[in-house]
Amino acid sequence: MNSSIFWYRKDLRVADHPALVSAIKKSAVVYCIATADQIGSPFDTLSEIRQNSLRSSWRHLSDSLGGRLTVIKSPAEIVSLAQKLDVKQVFVSKVYDTHGIAELKAISRDLQVHGIELVEGPGNYAIAPGSVTKPDGTPYRVYTPFYKAWNQLDQGAPVPSPDLDKVAALPNPLTDWDPQFSKGDDVIAGEINAIATLERFLAGRVENYSENRNRADLGGTSHLSHALSHGEIHPRTILARVPDGPDAEVFKKEIAWREFYADVLFQRPDSVTEYLDPKFARMRYDEPTDKFEAWKRGETGFPMVDAGIRQLLTTGWMHNRVRMIVASFLVKDLHLEWQLGADWFEQHLTDYDPASNSHGWQWTAGCGTDASPYYRIFNPITQGYKFDPNGDYVRKYIPELRHLAGSTALEPWEHAHGYSLNYPKRIVDHALERIESLARLEELKTL
Ligand SMILES: Cc1cc2nc3c(=O)[nH]c(=O)nc-3n(C[C@H](O)[C@H](O)[C@H](O)COP(=O)(O)OP(=O)(O)OC[C@H]3O[C@@H](n4cnc5c(N)ncnc54)[C@H](O)[C@@H]3O)c2cc1C
């Protein structure tokens with residue numbers, strides 16, 4: 001048996017990892033190597049918090065591997081390392097996103113030149129994207145029938161963790177990039193934490209999930225998105241632990257949204273940056289100016305929008321309901337193209353996932369999957385009353401509104417001292433921009 005490399009990308013765990021198990025089974029020695037850059041997301045372009053989330057994941061993975069993980073900067077270095085280590089095979093988890101597929105294809109081609117094979121094992125989905133199809137073999141374009149078909153398929157049982165005896169540390173000094181694992185301490189990560197997060201959710205919040213998941217102030221969701229996006233936990237591990245019951249069913253359906261969007265992106269690779277419904281590319285949009293800069297800083301003057309962006313900038317995560325409010329505001333109040341917001345999310349979200357991000361944006365922008373028509377325009381003020389009724393979420397992330405009690409924090413303009421701590425004034429009039437958005441939709445129909 002030869003030595004091999006196991007190439008870690010977004011599958012940073014040891015448990016329930018069939019691709020790793022296969023590498024260990026088929027090799028005498030396995031070198032575990034993670035890469036930092038990814039096409040579309042080079043490490044240096046990520047926000048500090050997103051960089052730290054990766055460092056933290058690598059550090060925990062390294063602990064799981066008994067300290068035998070090496071992190072290199074660029075995937076291209078895999079090729080030279082494979083030659084230096086004289087391996088015949090590089091194992092990796094199969095990927096389904098546009099950039100990931102391109103990356104694996106390029107590395108596979110470069111390895112082949114040196115007689116080295118790239119072996120792709122099962123990836124990070126309960127059901128592999130591309131395998132849920134209508135009876136006539138075509139893909140689903142709408143979520144509900146996708147879910148029904150997805151739910152009928154066998155998702156399999158979690159795979160036992162492999163024996164790590166064959167995993168070896170890289171002989172020094174084959175690589176000189178220092179990712180400084182220890183700097184990642186402000187982001188909690190790793191597979192042990194992922195399991196603990198799941199157990200905490202199952203022990204409490206899952207019972208009221210359907211009622212509380214939309215409340216920005218309650219933290220009623222699982223917070224598993226970071227772990228899923230870094231591959232610290234396999235969705236099959238989650239699904240195997242989800243109990244029966246109506247709330248658990250709603251939660252399972254959210255896991256299926258992740259799988260649906262992965263499927264849609266796999267079927268339409270261009271939709272990572274292009275309009276899924278191409279007619280929306282012809283719509284009249286504005287150029288990004290100072291209003292876009294205010295949106296990026298969380299200074300639009302609309303409390304729910306600003307609290308969401310500030311939650312993103314300070315924690316690397318944003319509540320799902322608020323992602324929709326913030327996204328709708330960018331597209332329908334500022335009349336900007338969704339890709340601008342998606343790029344900002346990509347830099348900052350520690351749970352960044354190309355399929356969920358691009359299609360979460362497209363859904364909100366009205367150009368994506370399912371029945372979310374363009375004319376559904378979120379009102380950032382009434383959404384606040386519904387999903388942060390006491391203003392707690394807004395006050396938590398906006399210090400300039402902390403002097404306002406209860407729901408008055410949602411409308412500082414209604415309060416005599418609303419602006420006494422210099423909270424910015426509203427950059428647009430929502431009612432007018434709503435009319436403008438609808439006018440642009442009418443215009444599109446005539447183009
Ligand atoms: C504009 C926009 C951008 C988004 N970008 C991302 C992204 O980059 N990465 C990402 O993981 N999610 C993204 N989402 C989906 C969703 O907001 C997050 O998955 C969710 O907020 C994560 O929190 P949680 O783990 O507590 O979710 P829970 O409510 O506990 O859900 C459990 C899991 O189901 C999946 N899930 C839940 N809701 C969705 C959804 N609407 N679409 C796809 N999967 C879902 C996630 O993997 C999540 O971890 C985006 C949504 C929108 C509207």
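The ligand's shell draws residues from both domain 2 (124-157 + 191-267) and domain 3 (278-446), so the ligand lies between these two domains. Please keep in mind as you look around that this is a predicted model.

**Around the ligand**

- The shell holds 27 residues, and those that come nearest to the ligand are Thr221, Ser222, Ser225, Asn357 and Gly360.
- At least two shell residues come from each of the helices α8 (225-229), α10 (246-267), α13 (320-333) and α15 (354-365).
- Sorted by class, the shell has 11 nonpolar residues, 10 polar ones and six charged ones.

**Domains and their contact**

- Three domains make up the division of the protein chain: domain 1 (1-123), domain 2 (124-157 + 191-267) and domain 3 (278-446).
- Taken over C-alpha atoms, the centres of domain 2 and domain 3 are 26 Å apart.
- Domain 2 brings 16 residues to the contact between the two, and domain 3 brings 20 residues.
- On the domain 2 side of this contact, α8 and α10 each supply at least two residues, and the largest share, five residues, belongs to α10.
- That side of domain 2 is made up of seven nonpolar, five polar and four charged residues.

**Nonpolar cores**

- The largest nonpolar core has 40 residues, of which Ile325, Val326, Ala327, Leu330 and Val394 touch the most other members.
- Helices α12 (303-315), α13, α14, α15 and α17 (392-397) each give this core at least two residues, with the largest share, eight residues, coming from α13.
- Beyond its neighbours within four places in sequence, Leu330 is in contact with Trp295, Leu336, Leu340 and Gly341.
- Another core, of 34 residues, lies apart from the largest one and includes Ala19, Ile24, Cys32 and Ile107.

**Two backbone details to look at**

- Most residues other than glycine have a negative phi.
- Asp86, although not a glycine, has a positive phi of about 55 degrees, and its place is in the loop between α3 (77-84) and β4 (89-93).
- Asp86 counts as exposed because it has 9 C-beta neighbours inside 10 Å, where the cut-off for exposed is 12 or fewer.
- His335, also not a glycine, has a positive phi near 60 degrees and sits in the loop between α13 and α14 (338-348).
- With 18 C-beta neighbours inside 10 Å, His335 counts as partly exposed, since a buried residue would need 20 or more.

Methods
Residues numbered from 1 in each chain as written. Predicted model: local features only at pLDDT ≥ 70, side-chain atom pairs only at ≥ 80, totals over all residues. Near = placed C-beta within 6 Å. Helix = DSSP H or I, 4+ residues; strand = E, 2+ residues; numbered from the N terminus. Nonpolar A, V, L, I, M, F, W, Y, C, P; charged D, E, K, R; others polar. Domains from an automatic or database assignment. Core = buried A, V, L, I, M, F, W, Y, C linked by C-beta atoms within 7 Å. Contact = placed C-beta atoms within 7 Å.
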